[in-house]
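Please read these notes with the structure open beside them.

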Amino acid sequence: MRRWLIVPLVGAIFVGGSFGLCQGSVLSEPGMRVEAESAILMEESTGEILMEQNAHKPLPPASVTKMMVMLLAMEALDEGKIKLTDEVVASPEACRMGGSQIWLEPGEVMTVADLLKAICIVSANDASYALAEHLAGSEERFVALMNRRAKELGLKNTVYYNTTGLTPDHKGPGNMTSAYDMAVLARELLKHPKVLQWTGTWLDSVRDGKSYLRNTNNLVRFYQGCDGLKTGFTEDAGFCLVGTAKRDGVRMITVIMKAKTAKIRSREMSKLFNYGFSQYQATLIYPAGATLGKVPVVLGKQKYVNAILPEALSVVLRRDIKEKPRVKVELKKSLRAPVTKGAMVGKVLLTIDGKTVKEALLTAQSEVQALNAITAWWRTVTDFLGQMFVGDQVQISV
């Protein structure tokens, strides 16, 4: 059973904005064009598209392919299937990868963490292949997992044939995707923020400092707030980049595909980022620790526990509409002691025009211990008698 409360925005800091719910709508300045074959600009928290240009056109992704490798690796880490400290032995096949690499030697041992670092920072093909083998046993099996995950995410224009994005030497199909699909994939990858520790790093190293790494994404250094995600280049694909940047609580996802040069790729992405940040702003609704209700605790030493927000609740809204979101709090009808601190006791929903724009969990502010048997019995008796007494009073008053 749940209880609903409509909570006013008491003490909330609100700056006018709006929420875009229709992903199909494209809002951009008239005549806004990007010097690339395709592009897209998406606000991360809502998935709203602010600008698109040939966004669904199938194109080769080059090393942007490795975003799916990164996603599957992060999901495997979260599920406990692998650990960052796992040691991976490089196979001869992994070491034969061309293009960008960290020059793995057959039999060389490297941790999952260092392989991910090499993939995210320098787009190492040998590291991507080695990690795929570690996760699935072979590249072929891992590619099958990539395609299955793409289907689950609804990436209709995406198909993988390898883990690197390299153009096949033989005449045959290569990886294909679209700007829209890569924006959706990026949004899913951002559910694992640890990956940004690598994609947002400008300079690092592996092999105890003996091998130097410099990020292939220059915007990580030169654009304020940029912390990922993946570059790509082949002759067929041109210069590609899936980027993300965060400023003042607002995160944007931008995809540029088949630009003519790396300089054009960075310039056009910066232009899209600037436009996105001009259209959105973050709005603080409640600070961390705010109490949004209390839940009865059955047979607990305290009869109630406060329901609090463990983290600040904010929402990203468009600047051009002034409607404030409504706050709806959903609490459990009761809890049975013992209750641990931090236990989930409900959730809070932010809605605009009846549609949910943000959801956050509410947790128990403190631990509530259970009563011992005698005290519990006495509590039950007194509560029962109290209810009878109140009932009699109501009858007399009528």
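1. Buried means under 20% relative accessible area, exposed over 50%, and partly exposed in between, with a 1.4 Å probe and protein chains only. Helices (H or I, at least four residues) and strands (E, at least two) are DSSP runs, numbered from the N terminus.

2. This is a predicted model, in which local features need pLDDT of at least 70, side-chain atom pairs count only at pLDDT 80 or more, and totals for chains, interfaces and linings use all residues. Residues are numbered from 1 along each chain as its sequence is written, and side-chain values use heavy atoms, with hydrogens and water left out.

3. Which residues of H5 are buried? They are Glu 139, Phe 142, Val 143, Met 146, Arg 149 and Ala 150. Seen down the axis of H5, these fall within an arc of 120° (taken from the directions from the helix axis to the C-beta atoms), so they line one face of the helix. The face turned away from that buried side carries the exposed residues Glu 140, Arg 141, Arg 148, Lys 151 and Glu 152.

4. After H5 comes Gly 154, with a positive phi near 75°.

5. Helix H3 (residues 112-122) has ten of its eleven residues buried, so it is largely enclosed by the rest of the structure. Among the buried ones are Val 112, Leu 115 and Lys 117. Ser 123 follows H3 and has a positive phi, near 60°.

6. In the lining of the largest pocket, ten residues are nonpolar, five polar and seven charged. Here Ala, Val, Leu, Ile, Met, Phe, Trp, Tyr, Cys and Pro count as nonpolar, Asp, Glu, Lys and Arg as charged, and the others, Gly among them, as polar.
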